Amino acid sequence: MLEKQLEYIKSRTDFVPDIALVLGSGLGELADEIDIKEIIHYNDIPDFPKSTAPTHKGCYVFGYLEGKKVAVMQGRIHLYEGYSPAEVVKPIRLLRLLGAKTLFLTNAAGGINRGFRIGDLMIINDHISSFVPSPLVGKNDDSLGLRFPDMSEVYSKKLNNIIKQTADEENINIKNGVYLQFRGPNFETPAEIKMAEIIGADAVGMSTAIEAQAAKHCGMEVCGISVITNLACGISETPITSEEVSETADRVAPIFKNIIKKSIGKFNE
């Protein structure tokens, strides 16, 4: 299933990453700080899904960050772009086949927790994926992982502790919470956010959870941070716009990039 894409990437680079990093909406500029060894655009990879979301450049960036060998997804694939769950997680599975053992996910999210403020950062300690189809449905690829993978600790406590320690050292008041993925592309209704609040979600977005599922399935250690770029519908009475999301992500980017870089520098030590 992934052989053709894997063969193409290996024809372009022999770089073997240890850590994979997915940069969400408004966060792609971190890739500019990498000691770059190769850039491969999704459009060049055979039968590979194309990233169409605004601000997502749609490429893999291979190189060094804080002395660690990384592969960065500068933009991701979303269900709302019309792709199947298996297509959405194809980039993650390829990163695992290329050698990455750790996956660091990031996203822009709407805040549901009433203690959150716009611009907060949230360590993802669990997720709710019940409202989107699982990427594991269908015939299992035993070469990737088990038919029935355990999901009791999708997000590594060890890596989350490193992120929290890094934030404390930088005097950043980082939050913890549960992320809920809806399909999108529409923002949620007040009733949907009320439901999400009742079932325990602290933040909501249109990505990430199924990527984490696929990564856990194929044996990766996973962590993630959400940038609270807006308060979810019903928590705030102001209509939500994609421009607001991008503006907040841009404003928080320097703090966010600092935490990511310094946390990655401590991974695998």
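**View 1. Lys-158 and Glu-221 form a salt bridge, with their closest N and O atoms 3.7 Å apart.** A salt bridge here is a side-chain nitrogen of Lys or Arg within 4 Å of a carboxyl oxygen of Asp or Glu. Lys-158 sits in helix H4 (residues 157-169) and Glu-221 in strand E9 (residues 221-231), 63 residues apart. Helices (H or I, at least four residues) and strands (E, at least two) are DSSP runs, numbered from the N terminus. The model is predicted: local features need pLDDT of at least 70, side-chain atom pairs count only at pLDDT 80 or more, and totals for chains, interfaces and linings use all residues. Residues are numbered from 1 along each chain as its sequence is written, and side-chain values use heavy atoms, leaving out hydrogens and water.

**View 2. Glu-211 forms a salt bridge with Arg-76.** The closest N and O atoms are 2.8 Å apart. Both residues, Glu-211 and Arg-76, are buried. Buried means under 20% relative accessible area, exposed over 50%, and partly exposed in between (1.4 Å probe, protein chains only).

**View 3. Lys-261 pairs with Glu-33 in a salt bridge.** Their closest N and O atoms are 2.7 Å apart. Lys-261 lies in helix H7 and Glu-33 in the loop between strands E1 and E2, so the pair ties together parts 228 residues apart in sequence. Glu-33 is partly exposed, at 36% relative accessibility. Glu-33, Lys-257 and Lys-261 are linked in a salt-bridge network.

**View 4. His-217 is found in helix H6 (residues 209-217).** His-217 counts as buried, at 6% relative accessibility. Its side chain makes a polar contact with the side chain of Asn-140 (3.0 Å). A polar contact is a pair of N or O atoms within 3.5 Å; within protein, one must be able to donate a hydrogen and the other to accept it, and residues adjacent in sequence count only if both atoms are side-chain atoms.
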